[in-house]
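Colleague: I would like to go through some of the labels given to this model and the grounds for each.

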Amino acid sequence: MFSEPAQLGVYHGLDGLEVEERLRMEDSQAACRIKLVLDRIKKAFFEGAKQKGPVAHALLNLAVNYKIKWHKKGYRTPFLNR
């Protein structure tokens, strides 16, 4: 019936709604890519702290957990934002 598989979101008879949907999908893919990059950065920070020793690693864990805890409650942590 079909000669080749269709790509997701690609069809030659698109009207405006399908084009907008495809753009939305591309935005969500970009958000996934950004999350992957941020995860790599976080991993690099923790690996660097781990190489500096157990004290540096513990301090980084403490600071990150402190910031997350207060951020969830709606507060800022200006001392850690520097």
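Modeller: The model is predicted. The side chains of Thr-77 and Lys-67 make a polar contact at 3.0 Å.

Colleague: What makes the pair Thr-77 and Lys-67 a polar contact?

Modeller: The distance between the two side chains is 3.0 Å, and the cut-off for a pair of N or O atoms is 3.5 Å. The pair therefore counts as a polar contact.

Colleague: Where is Thr-77, and why is Thr-77 called buried?

Modeller: Thr-77 lies in the segment after α2 (54-72). Its relative accessibility is 7%, and buried means under 20%, so Thr-77 counts as buried. Apart from neighbours within four places in sequence, Thr-77 is in contact with Tyr-66, Lys-67 and Trp-70.

Colleague: How do you know that Lys-35 and Asp-39 form a salt bridge?

Modeller: Their side chains meet at 3.6 Å, N to O. The limit is 4 Å from a Lys or Arg side-chain nitrogen to a carboxyl oxygen of Asp or Glu, so the pair qualifies. By this rule the count is one salt bridge. Both residues lie in helix α1, four residues apart, about one turn of the helix.

Colleague: Why is Asp-39 called partly exposed?

Modeller: The relative accessible area of Asp-39 is 36%.

Terms used. Residues numbered from 1 in each chain as written. Predicted model: local features only at pLDDT ≥ 70, side-chain atom pairs only at ≥ 80, totals over all residues. Heavy atoms only, no water. Helix = DSSP H or I, 4+ residues; strand = E, 2+ residues; numbered from the N terminus. Buried < 20%, exposed > 50% of the residue type's maximum accessible area, 1.4 Å probe, protein only. Polar contact = N/O pair within 3.5 Å; in protein donor to acceptor, adjacent residues only side chain to side chain. Contact = heavy atoms within 4.5 Å.
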